Amino acid sequence: MVAALSAQPADRWREVFETGDVGLLYQLGVVVGFDWPLWRRTTTVDVAGAPVSDAVRLATSIVRAERFGGPAPDLDMLKPILDRLRRWYETER
């Protein structure tokens, strides 16, 4: 998962950090396939201190929940996730 994120172009990362565009999360591979409903019910994440893989899972669960009938994700919900992804992108990858 992390290797695939690392391979994404820098301009696309900058754009998602500047805009918070949910569509770009799909393009970057941040929205991944896994059993997100179960994960969301059974997992609590402090995204600021979480591994980047948990930030990806949390982003997926928020975006997919909206897609399948939940509330639309807004920047306030995604901001901590984007902050965590930015820190990973700029200092950890």
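**Reading burial, rings and charges**

Reply: Trp39 has a relative accessibility of 13% and therefore counts as buried, where buried means under 20% relative accessible area, exposed over 50%, and partly exposed in between (1.4 Å probe, protein chains only). This is a predicted model, in which local features need pLDDT of at least 70 and side-chain atom pairs count only at pLDDT 80 or more, while totals for chains, interfaces and linings use all residues. Residues are numbered from 1 along each chain as its sequence is written, and side-chain values use heavy atoms, with hydrogens and water left out.

Me: Which residues do ring pairs link into a cluster?

Reply: The cluster consists of Trp13, Phe17, Trp88 and Tyr89. Tyr89 also has Arg93 over its face, 3.9 Å from the ring centre; a charge sits over a ring if NZ of Lys or CZ of Arg is within 6 Å of the ring centre and within 35 degrees of the ring normal.

Me: How many salt bridges does the structure hold?

Reply: Side chains of opposite charge can pair when their charged atoms come close. With a side-chain nitrogen of Lys or Arg within 4 Å of a carboxyl oxygen of Asp or Glu as the criterion, the structure holds five salt bridges. Among them is Lys79 with Asp83, whose closest N and O atoms are 3.0 Å apart. Because these two residues lie four apart in helix H6 (residues 75-92), about one helical turn separates Lys79 and Asp83. Lys79 is partly exposed at 44%, and Asp83 is partly exposed at 37%.

Me: What is the N to O distance between Arg86 and Glu90?

Reply: Their salt bridge spans 3.8 Å, N to O. Arg86 is partly exposed at 31%, while Glu90 is exposed at 53%.

Me: Which residues are linked in a network of salt bridges?

Reply: The network joins Arg84, Arg87 and Glu92. Within it, Arg84 and Glu92 meet at 3.0 Å, N to O. Arg84 is buried at 6%, whereas Glu92 is partly exposed at 39%.

Note on methods:
Phe/Tyr/Trp six-rings, centres within 6.5 Å; stacked < 30°, edge-to-face > 60°.
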